[in-house]
Structures are given as C-alpha cells and as structure tokens.
Amino acid sequence: MGRYLLRRVLQAIPVIFFSTFIVFMVIHLIPGDAATVLAGPNATPEALAAIRKEMGLDQPLLVQYVVWLGHLLQGDLGNSTLSGQPILKLLEARAPATIELTVAAMTISMLIALPLGILSATHVRGRIEWLISTIQSLWLAIPNFWAGILAIIIFSLVLRWLPPGGRVADSTDIGGTIKSLILPATTLALYLAAGLSRFIKFNLLEVFFDDYVRTARAKGLSNTAVVYGHALRNAMLPVITILGVQFASLLGGTVIIESVFSWPGVGGLMLDGISNRDYGVVQAGLLLLVILFIIINLLVDLAYALVDPRIRFGDT
Amino acid sequence: MVPAAPLVRKSPNPLNAAFVRTYRNPLGFFGLLILGLLVIGALAAPLISPYNPVAQHQGKELLGPSGEFWLGTDELGRDLLSRVIYGARPSLVVALMVVVIGGGLGIVAGLAAGYLGGWVNALLMRIFDAMFAFPPILLGFVIIAALGPGTTQVAYAIALAVVPSLGRVARSLVLKERYRDYVLAARCTGAGTGRVMFLHVLPNAVSPMIVNLALLMGFSVLAEASLAFLGLGTQPPTPSWGAMLNESRAYLRNDPWMAICPGVVLALLLLGLNYLADALREAFDPRRVNAGF
Amino acid sequence: MKRVMNRRSALRVIGITAGAALVAACTPAPQPQAPPTPAGAVPTTAAISVSTPAPAAAQPRRGGVAQYSIQADLSSIDGHVRTPGAVDSLWLAFDRLTTYDQQLQPQPMLAESWDVSSDYKQVKLNLRKNVTYHTGREFTSDDVKWNLLRVRRSDAASGQYANQSNWFTGIDTPDKYSVILTSDSPRPALFDLFENLNMLDQQTIDIEAGPKQTKAIGTGPFVFKEWAQGDHLTFERNPNYWDSGKPYLDGLQANVRDIQAATVQLEAGALQLIRNPLVDDTARLEQDPKYTKVLHPNPGTFFEYGLDCSKPPLDNKLVRQALNYALNRQRLVDIYRGNVTVGALPWGPSSPAYDQAKNNAYAFDLDKARSLLNQAGVSNVEVENIIIKGSYPQQETFLQVYQADLAQLGVKMTPKLVDAATWLDQANNVKYTGMWASGDNYSNLHPGSLFAVSPGWRVFPNNDGFQDPHWAELVAAANSETDAGRQKQLYSDVNDYILDQCFTYAVSNNPVWWITSSKFHGLVPTLHQGFSWTNAWLEA
C-alpha cells in the first residue's frame, strides 16, 4: 500500500508538468498577450514593446515556462499581470467559494440521485420509472443559465426567500451563508442529479442479474436486502468514478453558474485569466485543479480497491 | 424448468437482433421515431421550412406565434420555426462529431487502459488526468480562442473535452468485466488479446456506455449552448439550437417564447435519446429485463 | 463574467466634463442643471428622455453605501490607464485640473483659475489651495508636473494622454500653487487634456511597475479601499474633500456583474443602480415608478467601423463609400428602442465640429451603394468584421442587419466575435480581414483630440492602414487652429474629408444610461463619458 502510494505520487509529478506545460503553450498560442491587454487600445507600438519587455513576454516561450517553473519551485506563484496582486492571494480568496459550491452541489445531487436511481431500477418498465426518466430528460434540456435565472426570479424576486446572488462568506452569519449557497448549489445539483440517477439506475440493473444477486434471492433474501446489502455496493464502483469525474469537472466548470449567481469562484477567475491573457492566474489555477484532481483520483482508486478485492493494486 | 441460458456469451455481436429488439420496444420505437424525425427535418430543412432562416422581417420583431409565423419571431424579425428547423443541422452535426470522435477515442482508450493494464493504463490515466484537470468549458474556451470561432471548432473542442471522462468510465466498466469467468474462458480457448478485448469485453462493457453516448449527444447541444454563452460557437446569423438558446437569454423576461422553441426541441431530442438508450440497453441484454423486481 | 467580456479594451474613453457639477459646487444649494437634449438628432429617433434630478424637491441626505454594477472588471487601478469601467469607479478617487460643462466650457476643479495666452501657446494655472491627497499630503504644482511627465513614459500604458501631454515643451512651477505650461505650437484643445488627466499621488505610485499599481491615492471625493479582482471595488467617503460637505454617500461598491444577473439584483434590492442594462429590461424598468432612467445626454462615446485601406478592394474609396451607404442606421434606432442617436459623423452636440446637416449624410441607399460598387468595378467582395464579444450587445445584433443588407449587394460580410486581446492584436496590427467594429470616445471635445488619440482616426500608423498627407495636414491644423472663424471652416473641411474618405466611419453614439432605484439621486453628467458622483445621495 505504501509503495503503491509512493508510485502514484511519483506518477503525479509528470502529470503536473505535462498539463501545465501544455496549457502554457496553448494559451500563448492565442493571439494577443497580456501586454496587449494592459497597454490598452490607444497604445503606441513603443509603449506596447516597453510593457512587453518589462513583463518578460518577449522571451522565447520555453524560457518563460522555465522561469515560471523556477518561481513555482520556490513557492512563488507569481503576480497577476493585470493588478500585480499575488496570485496566491487571489486563489485563496476564490477557492473556498468554489469548494463550498461544489461540495454542496454534489451532496444535494447524491441525496436526490440515489433514491431516484434505486427507485427507477427497482421499478424498471413501470410507470414510475417512465415518469422519472421523462422528467430527467426534460430537466436536462434546460440550460443551466436559464434554470439559474428562473430560480432567481422565482425565489428572489417573487417569493423573496433567498438572495439574488452573491456569496456571503461570513463565519458569524451561518444562516446568510447557507441562504446564499442554496440557489446556486441546488441549480447545479438538479442538473447533476439528472445524469447521476440514470447512471445509478443502469449500474444497479447491471448487477441485478449477476450471479451473486440470483444467489441471494434464491437464498430467500427480500428485495430490499438484496438491493441494499449486495447490489448497491457493487453498482457503486462506476458511480464512484462518475462522482470523482463530476467533482473534478465542477471545480473549474461552474463558470456559468458563477456568472449567473455572481459567485466569485475559481472558474470565473480562470475565465477572466484567459480573456486577459493573465497567464500566471491560469497556470496557478490549473495547478490547483490538477493537484486536487490527482488527490481525488487517488481516493477513487483506493475506494475501488477497498470495495472490490478482485481489483488488485497492481493493476490500477 | 427451462435451464438458464449459458453464462458464457456468444462472441459475435448480435447487433441485428439487438436492433430488432429495440425497434419492437415501445420506448425504443418512440426514441427512434423522434430521432428520425429530427434528422429528417434537418436534412429536409430547405423543403419544409416556411421562410429563409436568416431573412429579417422588419417591423415584425419579437412576435408571439401567429398565423404568419407559427412559432413567432426573434429580435430581428426572423421566423423562429424556420430557425429551429435549420438549427438542427449544426446542433446534430456537433453532437454526431462529438460522439464519434470523442466517444470513439474515449472508449478505445478506456478499453486499452482497463484491459491491458500496466504501463498502458498508467500512461493513459496520466494523460487523462492532465486533460481532465483543465475544466471542460475552459478547455473549450482555450481551443476555440486558438482555432477561432465556428461550428466545427466547437465540435472538436467538445469532443476533446469529453475523451478523458468517457475513457475513465469505459475503463471502470471494463475493469468490472475483466475478471469475469467468461473472459477467462475465452482466453483459455486461445483467443488473442485483441479478440478478447474487442469481441468479448467490449460488447459487455459497452452496454452501459450506450447510455453515456446517448446522453452525450444531448450534452453536446447543451455544451454548445454554454460555449455560445461565452460568445463562442456557431457564428451569427446561422441558427443552431445552442446559439438560439443563448440569444434568447437577453429576452428571457420579455419574450420567453424565443427560448421555449429551441428548448422544446432540445427536450424532445434528449427524451428520444433517453428512451432509445433505455431500449438499447435492454436490447443488448434481453434476459435482464425478466429478472423482474 | 464572464464570461463576459471586455468593454474596456475597445472603448476608448473620452472625458466628459461635469460643468454642471462644478457650477453646482460653487453655489450654496446644489442644483444640477438639466442637461440639454441633443439638438438635431436624426429624425425618427424618439425624443431622448433625460431624467432631471428634481431640483431641491428633496434635500440630499448624508449617508448610505451605493451598490452598483459595472460590466467588466478594470484591467488596472492605475489612474492613468483608461478603461470604460474605470470612469464610474476608479476615477471617483481622483480629481482633474478642470472639468467641462455641457457647453464645452472649462470649469474649476483642482485649478481654480487660469490664464490662457491669446495664441494658446501658454497657460498659467492657479491651483486650489489646501487640497490634500487621501494620505494627507498637500496637492501642489509639483504634483501637476509629475503627472504630466509620468504619462509620457513608455511603460505607462497611457498612450491616450502621452500624445497630448507632449504638447507642452515647458512645465514650470514658480510656486506651490502655480503651473505654467508652454508649447511651441498653439494648443486650442488643451482643456481636453485637463478634463481627462487624473492627478495621481507621486509618492504612492511605484513608477517602475508601470500600470501594475496596487494603490490608487488621489484627491477625489471617494477613497479607494479594495480591489477584489474580478468581483468588486470598494470606496469610502473622503472626509477631507475640498468641496466640504460632500460627498453625501458614505461609500460605494462597484460590483462586476453579468448584466442580467445585475438586473435581477437591482430588482431584488441588492443593488441600487445598474449601468446599461439590456434594452428590453430598460424599457420595462423605465415604466416602473420604483426606478429611474438616467440617460447621459452627451457621453462623447460613439460606435464606429474601420476598414483596411491598405489592401484591395477596400483601398478604393468608392468601395468604402458604398459600404457606408449600405448601413441602415435607422434599424439601429429600432434595436435600441430609441435610446441612441445615429449619424455619419461622430460628433456630439458640444463639439465645435458638430454639423447637423452633414450628420445626415449617407442615408441608407442600396441603389447608390450598388452603383458605387459598379463604378469601382468590384464584385464578390468578402470581408470579416471583428468585434469584441459581449461589449455591445445591440451592435452585435445590428451587425446581422448590416450583413443581410450587404448580402443584397453581393458583399459577404461575416461578423467575427472575438475576445478583447485578440481584437486588439488584430486591429492594432491591421491583421484583420476587411473591417473592425468598436466603440470610441472624445467625440464631444475638440475634434483634434479625437484625431490625436484614437487609433481609428489618427495619422498613420492607425488601425486602418490609412495614409494620406492631406489627412496629416488637416489633423495638425485641427490641433493648432485658434481663430474661431477659421476653426469653423477647418472643421467643415475635416468633416467633408472624413465623409469622403470613409476610412473609419461613425455608426451611432454609444449611449450611456443607468437604471437607478428612485431613491437614488444626484448623478451629474460629465463630458468624460461618465457621471460625477460627488452630489449623489440615497434616500433612507
């Protein structure tokens, strides 16, 4: 187990280099650079060149990457090309918002998806399943910016129960914090749950016909015992993968929800970073996401190995 | 008692039989019908749409449904019905490209990683990790910023973005199958790795993946809408469902009809795909339905 | 968001001075004048409504924090960097030397009085006494000199001001409160510079950091407190402001918001005012007595298309004129629901070059366009038109109208929505194919300023690749002609020239309006694109 972990950590290092390198190259390929943005529309060519030189953007790409790497190894994430503020500070400000939103959304999503999935699987070909399936499809068809605006209109303008956006980050005002979190998290969660519950249903159905399930039923166990005691655990393997997938994609992928609900998260930070060619921000954000992602993957694989002893460490 | 069917699967992929079963399934039939109608509608767009989708009728902007314009008009007085019909084209093209390119690459990679294990698995998983960590929507943003906006660029961006997730899911499903007795049996009978991978493991693992692929088509259109939200994707005035959804955003409070039209067809598409996916799943495993709960 | 994008890089902000604000500042009870509705708007424009703050019907109340929205984050808190969002946020921390009233007459701000020589080659400014920066240090003539010199630095990202600052070859500070500026040539537009140049604090500016400043210390009515990058900027009242008793508001917070989210937040009461909401929302909120629309009468911002004059077929001015005739500006009025003025010339009503008759040139005429194309002997023209996505939603919609009209001429025009950095790279280096679309400013000041500063109009190099010695002569003359009579003739020649050459042409103004809660009062229009907030106040 220890050797396995060590191997995974070692394998992680090239991943980090690889992804940051690729991203570095790709975003530099996009026309325009940070100097263009900073210099503004009325800049003379001399001003542009001077700013570019001062920012070190006239160096070859490889050199710039190595410089960034060098700073990184000293623990310096650099400063925003726009504001000069330390990027670490920016991330510190935004990361909690994203993590809050992601965890809340996934929790709510599981709370909805699990019962729905089980219900669908146990009533397959029945009216309930058909109803759930239809609602899911219809729900998925609603783009999340739509659903978001509608939710705000209903719960904030009409009912006045919840705030119309913005994040309350006050540890003394737990009620306010939760209230500001509900709408964005639920909007996200419903969207996730639609896909997740289907996936749970399908995986449950897969295992229902496995031998051990037949055996269990032949032994006389009730349906409930079979479902919860046996089938669910095995069905959850791919579901765990999906959860890991969803979590990772949510970390940066909540851009639209962040925009609609004015939620100051990492997604919006990185989007601005790309638009402004604030390379340092994009690199740092990506680094954060890669590391988090690697950790999640590791946990998922460990969970696999724990749940299904047939999957040996050697193969993952 | 009729003995249960043998546990070892027959290798040849009974595709024909599967599709016949799908067709006979009422849900599957409905799904195929919807999908078929949408595709035919897209192909026959010039024949069936009442107006040119980019023709602007001045003075008739933002109208609701009427005799003249069955679904109303948008902010430039263009007929929404025509735009919805033509809008199927880029949306379906993107969805198809994403499924074929993204799905194909993802499944093959996942299969290789899951079955072959070892360094293949390690390499692929690390590549996926690297791609994965970059949020899909931002990845799309970056790719399109580099390639320039447009329908095919959007398709490439979305396809690339889904490969890692499909690959991971495929791998996990393959892992479930890999240690099954029938795989062992197939290998014992001398089947080569490739044969085992593609003829034995793939069909069994793929069954749940069809669900993913069907849903993926729907997600592609939504992803297109999300990218349109950021100003990328099909460029005006070409209609696509995603772009129409995005255009409708500005008029949500005052003319919701503009959003309802593409929204409804999108819902129909997803519904059809879901039913189809359900039916396909059942079709590939006919005995499963009869396990009965 | 966004996803959303940068208005600032495309919008070259031009100062609009708040003459009314200064007049109000000098009288005991603040009574902002009703800004005049622009005369001679092209017919069929609905009358531009202007909300006039009710004179003295309610007394300004001291207190309250105004929460408002801006659509794009600033790129810098350096007061010498011009970004559209800055004018109604960052600029509130600064003062400028003078400020224009709506008739383009300079009014005192940091300079109390001045002597301009009759040949406009020298100006002596007498500075206001006992003005302090937010750090407590007194503002003196040395600060004026520092600011004028700083914007000339090549790393200062202030190309806009460098040009005009370089007019003054001599800057003398005989005493703490006097500045004498001397120029070799006449500079009739000198107050345009004073209108727009913020007076920064030399002690807190890190001169080596260029535009990457972390502090924004000025002498202005509000003190800059915090920039949460991508989310908001916070300001507090300056308790020692030289206009004592003001500002009324305790503080401000400019929130970067997606415009739809901002609209909902306004309606939910989380924001007190929002800038340029979508036209349909504006129409709806206008009707609601809970809200007021404050439309800027003369922001000096306008929208223009530029053409690549360095390559065929657009190097032929007949083709460019044809494209201008294919522009159906009236449809833009429809799209804006009347909140816009259109015209072939960029000038606002305060500009000395404003010409109502010539503004109506290039009325939509596809036949004329067709015959011009035939005359030029070109067919199958294919061009793109790059525009920054998200910054001008109505103009993006209008591009599709233009596209359809051009299609009738056999011209294929493809709008290309790109992000700000891409746009800047392509436009500034003339890498685009055919056309670009953008906002611009300074159209309400002296024409020479626009031509000196804007990359769409200035003498080569410019965004159009346009080169003509005659244009250089006209621009030079516009910036040095001091005689009022000759000026009139000169501006008339200039207008004829730009209407004839069509290397860049104006489409419409770029309207600025706020939807405010009806409890919010006191915004006064300036001539630098925004409003003065010194007199703003909130009812309880």
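**Note on the predicted complex of chains A, B and C**

1. Contact between chains A and C. In this predicted model, 47 residues of chain A are in contact with 50 residues of chain C. On the side of chain A that touches chain C, at least two residues each come from helix H2 (34-39), helix H3 (45-55), helix H5 (87-122), helix H7 (144-158), helix H11 (255-260) and helix H12 (266-275) of chain A. By residue class, that side of chain A divides into 25 nonpolar, 17 polar and 5 charged residues.

2. Contact between chains C and B. Here 22 residues of chain C are in contact with 16 residues of chain B. The side of chain C that touches chain B draws at least two residues each from helix H7 (279-286), helix H12 (393-408) and E15 of chain C, and H12(C) gives the most, with 6 residues. The residues on this side of chain C divide into 7 nonpolar, 7 polar and 8 charged.

3. Confidence. For the complex, the predictor gives an ipTM of 0.79 and a pTM of 0.82. Chain C has a mean pLDDT of 86, with 89% of its residues reaching 70 or more.

4. Make-up of chain B. The secondary structure of chain B comes to 12 helices and 0 strands, so that, in keeping with how such elements are assigned, the pattern read along the sequence is α-α-α-α-α-α-α-α-α-α-α-α. Chain B has 293 residues, and buried residues make up 55% of them. Of the contacts in chain B between residues at least 6 apart in sequence, 70% join residues at least 24 apart.

5. Make-up of chain C. Chain C contains 16 helices and 22 strands, and of its 540 residues 63% count as buried. Among the contacts in chain C with a separation of 6 or more, residues 24 or more positions apart account for 75%.

6. Strand E1 of chain C and its partners. Which strands of chain C are joined to E1(C) by bridges? Strand E1 (residues 65-70) of chain C is itself mostly covered, with 5 of its 6 residues buried. Strand E10 (residues 251-256) of chain C runs parallel to E1(C) and is joined to E1(C) by 6 bridges; within this pairing, Gln67(C) has Gln253(C) as its bridge partner in E10(C). Strand E11 (residues 273-275) of chain C also runs parallel to E1(C), the two being joined by 2 bridges, and here Ser69(C) stands opposite Ile274(C) in E11(C).

7. The sheet that includes E15 of chain C. In chain C, 5 strands form an open sheet with mixed pairing, in the order E15-E14-E16-E13-E17. Its edge strands, each pairing on one side only, are strand E15 (412-418) and strand E17 (504-509) of chain C. On average, and with direction ignored, neighbouring strands of this sheet are turned by 25 degrees against each other. Strand E14 (residues 382-388) of chain C pairs with E15(C) in the parallel sense over 7 bridges, and Ile386(C) has Lys416(C) as its bridge partner in E15(C). E15 of chain C is also one of the elements that supply at least two residues of the side of chain C that touches chain B.

8. The helix lying across that sheet. Helix H13 (residues 420-428) of chain C lies across E14, E15 and strand E16 (434-440) of chain C, and runs at about 130 degrees to E14(C).

9. Packing of H15 and H16 in chain C. At what angle do H15(C) and H16(C) pack? Helix H15 (residues 469-478) and helix H16 (residues 484-501) of chain C pack at an angle of about 145 degrees, with their axes 10 Å apart, and H15(C) passes H16(C) in a left-handed crossing. On the H15(C) side the contact is made by Trp471(C), Leu474(C), Ala477(C) and Ala478(C), and on the H16(C) side by Leu490(C), Asp493(C), Val494(C) and Tyr497(C). The residues of this contact divide into 7 nonpolar, no polar and 1 charged.

Methods
Residues numbered from 1 in each chain as written. Chains lettered and ligands numbered in written order. Predicted model: local features only at pLDDT ≥ 70, side-chain atom pairs only at ≥ 80, totals over all residues. Contact = placed C-beta atoms within 7 Å. Helix = DSSP H or I, 4+ residues; strand = E, 2+ residues; numbered from the N terminus. Nonpolar A, V, L, I, M, F, W, Y, C, P; charged D, E, K, R; others polar. Buried ≥ 20, exposed ≤ 12 C-beta atoms within 10 Å, placed from the backbone. Pairing = 2+ DSSP bridges. pLDDT = per-residue confidence, 0-100. Axes fitted to C-alpha atoms, helices over the stretch in contact; angles between N-to-C directions. Left-handed = near helix turned anticlockwise from the far one by under 90°.
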